[in-house]
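Hello,

Here is the structure I promised to pass on to you. My notes on it follow below, so please have a look at both together.

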Amino acid sequence: MPETANNQVMSEYMQRKKPDVFKQPSHNKNSGTQDREAQLRELLFYMNQKPKNRIMHKKEEETRNGGLSTFVVPEGWGLKQIADHLNISTDELKTRNKSKLQNWNGVEGFFAGEKIVYSTKSGSLEKEEEKKEVAEKPEQIIANAYSSYTNDEITVLEFSKAILPYVESHGSNIAALLITRGSFSADSLAFALAQNSPKDSDLVRFDRNVLEIMADQLDTQATGNKEDNQFQKQRIDKILKLNLTHQAFGLKEIIENEKGEEEKIKQIITYVRKQFEEYPPKVKALKESPNFTPEQKVKIAGKISVQAAKSEFLMGTIYHKGKEWEEKKGKRYLNKGYMVDHYTKQSSYRGTPEYDPWCSKFVTTVMNSVLGISANHATKSENRRGAWGGSQIVNGYENFWNYDEDKGGKLEGQQKVGQSNIWKKINKQVSGKTSKKDKVKLLKEFFNKNIYPQPGDIMIVDPSGNNSFKESAKNGFDSSHTAMIEKVLLTNEDALIYTIEGNSGQKVTGRKYNLTKTTGKFSLGWIVNIARMSIDNYGRSSHISKQVDIKSSQYSEISEEVLLNPLIEMNSILQSIAFKKSYVSSDENNSTTFKLSNSNENASTS
């Protein structure tokens, strides 16, 4: 019976030794990279604060705290019998005890012997929700849970459930708990955390250092249940060997399932875009972080954009089997298709996505999905957001996007037809040089003085080769093409800009611009403008077609690694699939989209 099995596990948990106080850590693993004493001091600080949401479960006869009481579930009692006995509704009973509620093949209930809480005041749950305080800091929650545990108010199982939401974002705090002295207490917590993470995909979410310490603690000789501990240790060891972020692990699981190819790639696309949704809150945390300059923040954000754009390229390439992405009607391409519709419908102009060019929409949709660049455009005539064309981008979408230099932004080049353009001036100067070395030297001086291109910058180009927008009667917008800069390569004799571009050859692809060339395809003469949004534009909205405010992700330490690794790992997996099917030309992880799109790095593009 489930009740008997759980009672045995709970009995083992209750018998495990609990630490009395925070003690000096004895575990030295990775001590060079993390200051454990500082983490312990931080938790001690929070423990000394006035607790707001302490986890407390005492005996029924002792508990009368704001009308809340505890009740020990008798053997064989179902939800209705418990609710009737306590004179409350089954809904309130389940709501107050979500973490303890079990489900046995559709039948809900509690284990026999489980302590549950209920209200002795009618309607108190609704009143409680109305008066609910603003959420505490995670460090405070962890410290309060630890205090409740050391005061024997909750079991180690309940303690582990309380801190489980923070095993990724606040791994250093959890690690500080795990390395307190007392083998039984550390091994008990490690076991409980693993037991409460039944799927391998749950364990992958843990901070890697936490997993390493858990594996060590579960392998100690001074343990209450060596067989159970070894089972959980084996699970953790398997995850550590994989060395994948949980996002990449989840993608790998989808790829390994038995679904048909088309169904599988659609599931992959849905999954990866779901992972993108984690990014705007993290980018908002980056935006608010005091540990980076605005320029550093914008540079990291640019790298995130590039990886997301590369994900879209790889997914679309796999879905369309390396062929064009747009549907055709006769000889006419329709600017629509399975992948294309995602960009046009997210950021269409006046509701006609199927006939809109989508190069700018690709760039702005990608940037919104991971950076949250949207702003409220309610005062404008457009019924969607995201840029319809490059002229909107470089005009700050009519002052809703900004390029403030003191916030890491930059904007260099023509903004409207008829204006002079510094790119035209440098193009003329470079054309007057004969050697590549002289040309590159001139370009480097220009970049240092004006704008030094970097990944994530938006580059507006025009194939007329005149460094200028073309005036267009259609919709009143100046005509151009929009690309995202992926990589800049400057050597003594080369000045190359690699891009990722939508609506280029009826798909997303990579291009290479040779800036030592002043005329012809993909030359310096094509550049109209390079735009870099300031950090103020990020973390605004998680939806591109309406204002959806973003709550900042509560990471104890936001870093470039935390932000980039999941995307890089997912792209590595996607690239491997595409390469095996001969849809891309390389399986090297650092390959540009241009190289993936062309079997020859020096190939001409059209």
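A word on terms before we start: buried means under 20% relative accessible area, exposed means over 50%, and partly exposed is what falls in between, with a 1.4 Å probe and protein chains only. Helices (H or I, at least four residues) and strands (E, at least two) are DSSP runs, numbered from the N terminus. This is a predicted model, in which local features need pLDDT of at least 70 and side-chain atom pairs count only at pLDDT 80 or more, while totals for chains, interfaces and linings use all residues. Residues are numbered from 1 along each chain as its sequence is written, and side-chain values use heavy atoms, with hydrogens and water left out.

Let me begin with helix α21, residues 422-431. Its buried residues are W423, I426, N427 and V430. Seen down the axis of α21, they fall within an arc of 105° (taken from the directions from the helix axis to the C-beta atoms), so they line one face of the helix. K425 and K428, on the other side of α21, are exposed. The cover over the buried residues of α21 includes β7, α22 (436-449) and β12; contact here and below means heavy atoms within 4.5 Å.

Six strands form an open sheet in the order β7-β12-β8-β9-β10-β11, with antiparallel pairing; two strands pair if DSSP finds at least two bridges between them. At the edges stand β7 (410-413) and β11, each with a single partner strand, so one side of each has no neighbour in the sheet. From one strand to the next, the twist averages 30°.

β8 (residues 458-461) is joined by four bridges to β9 (residues 481-490), and the two run antiparallel. In this pair, V461 stands opposite H481 and I458 opposite M484. β8 also pairs with β12 over four bridges, again in the antiparallel sense, and there I458 stands opposite A531. In a regular strand the side chains alternate between the two faces of the sheet. Both faces of β8 are covered: I458 and I460 on one side are buried, as are M459 and V461 on the other.

Setting aside neighbours within four places in sequence, S311 is in contact with V272, F276, N571 and L574.

Now to the interior. In soluble globular proteins, nonpolar side chains tend to be buried together. Not counting residues up to four places away in sequence, Y538 touches V283, K287, V298, A301, L371, G372, I373 and M533.

Two backbone points may interest you. Most residues other than glycine have a negative phi, and most peptide bonds are trans. N503, however, has a positive phi near 55°; N503 lies in the loop between β10 (495-501) and β11 (509-514) and is partly exposed at 22% relative accessibility. F522 also has a positive phi, of about 50°. F522 is in the loop between β11 and β12 (527-532) and is buried, with a relative accessible area of 8%.

Finally, some totals. The protein chain has 24 helices and 12 strands, and 52% of its 606 residues are buried. Among contacts in the chain with a separation of 6 or more, 67% are between residues 24 or more positions apart. The accessible surface comes to about 28,400 Å² (Shrake-Rupley method, 1.4 Å probe), with 45% of it belonging to carbon and sulfur atoms.

Best wishes

Technical notes:
Axes fitted to C-alpha atoms, helices over the stretch in contact; angles between N-to-C directions.
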